[in-house]
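Have the viewer ready, and let us start with one pair of side chains.

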Amino acid sequence: FWFLGVALFLSSADTPRAETSPVAPNAEKIVRDASWNELHASGPPHPFRFRLSKQDAKGSNVKLIVETKDGGVARLIERDGKPLSPEEDQAELARLNNLMAHPEIQEHRHKKEQEDSAHGDELVRMLPDAFLYTYEGMVQGPSGPCYRLSFKPNPAFTPPDRDGEVFHGMMGELWIDQAQLRLAKIDAHLFSDVNFGWGVLGRLYKGGSILVENSDVGLHHWETDLMKLRLQGKILMVKNADFSTTESSTDFHPVPAETTYQDAIRMLEK
């Protein structure tokens, strides 16, 4: 999803210092600094392997994911709460072997990942200007104390593209990690119908909600632990659609930075 487009490592030298004044912190500056940190890195990102659980209208599944410089690689291990049958597992291994033999498939997927990440980056770049923020106090976040900010649409904001139109109908809370100034949580709801782009014209109905929680999983590398979408709408302004899904990620472990997608397949086959 578009809030998941950035997971960039920043050294302490590149991270703006957190506010220490007893006066209420400048909420807009906090968001602007956090947005900058999400979009800039002092070095290459650290690839990780982890376990991804997903639940949507089609059912549930669990995958093992390995991130690489060539894009992520996944192996399905559970469906609807049960391990794969021997036949299903063999089919999954055959799929991975086919992927190994056809790098153009991975190249296509990696390109799609990069496009999705670019969309997410653009939305994160809009955050400081898209909303009006109010400092609500401090709260304990997943990786330490966080600034708790409420937000509502900025009437003066004009989105540069259709993707940004969704911000006109959103309000909620944003948590920003105090030490690293990274986006730790966004809890938003739609108070009105909004149009969206993402390459397909459509509409999201009011009443929907978006919850995204991020944390430092090691090496100052931030990943999404939880994403919960409760969204209804239309695609092409005609077909009703349910965008609701819940994803949770656990068991993060770093892998070597030079890991290729072929290396990832070998890891997943063990």
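Glu78 and Arg51 meet through their side chains in a salt bridge, with 3.1 Å from N to O. This pair ties together distant parts of the chain, since Glu78 sits in strand 3 (residues 73-79) and Arg51 in strand 1 (residues 48-56), 27 residues apart. A salt bridge here is a side-chain nitrogen of Lys or Arg within 4 Å of a carboxyl oxygen of Asp or Glu. Strands (E, at least two residues) and helices (H or I, at least four) are DSSP runs, numbered from the N terminus.

A word on the origin of these values: this is a predicted model, in which local features need pLDDT of at least 70 and side-chain atom pairs count only at pLDDT 80 or more, while totals for chains, interfaces and linings use all residues. Residues are numbered from 1 along each chain as its sequence is written, and side-chain values use heavy atoms, with hydrogens and water left out.

How many salt bridges does the structure hold? There are 14.

| Pair | N to O distance |
|---|---|
| Asp33 and Lys29 | 2.7 Å |
| Glu78 and Arg51 | 3.1 Å |
| Lys54 and Asp56 | 4.0 Å |

Asp33 and Lys29 both belong to helix 1 (residues 27-39) and are 4 residues apart, about one turn of the helix. Is Asp33 buried or exposed? Asp33 counts as buried because its relative accessibility is 14%, whereas Lys29 is partly exposed at 38%. The cut-offs are under 20% relative accessible area for buried, over 50% for exposed, and partly exposed in between (1.4 Å probe, protein chains only).

Glu78 is partly exposed at 22%, and Arg51 is partly exposed at 26%. Lys54 has 30% relative accessibility and counts as partly exposed; Asp56, with 25%, is also partly exposed. Elsewhere, Glu28, Arg32 and Asp129 are joined in a network of salt bridges.

Now to the backbone. Most residues other than glycine have a negative phi. Leu219, however, has a positive phi near 60 degrees, and His220 has a positive phi of about 55 degrees although it is not a glycine. Leu219 is found in the loop between strand 11 (209-216) and strand 12 (222-230), and His220 lies in the loop between strand 11 and strand 12. Leu219 is partly exposed, with 47% relative accessibility, and His220 is partly exposed at 42%.
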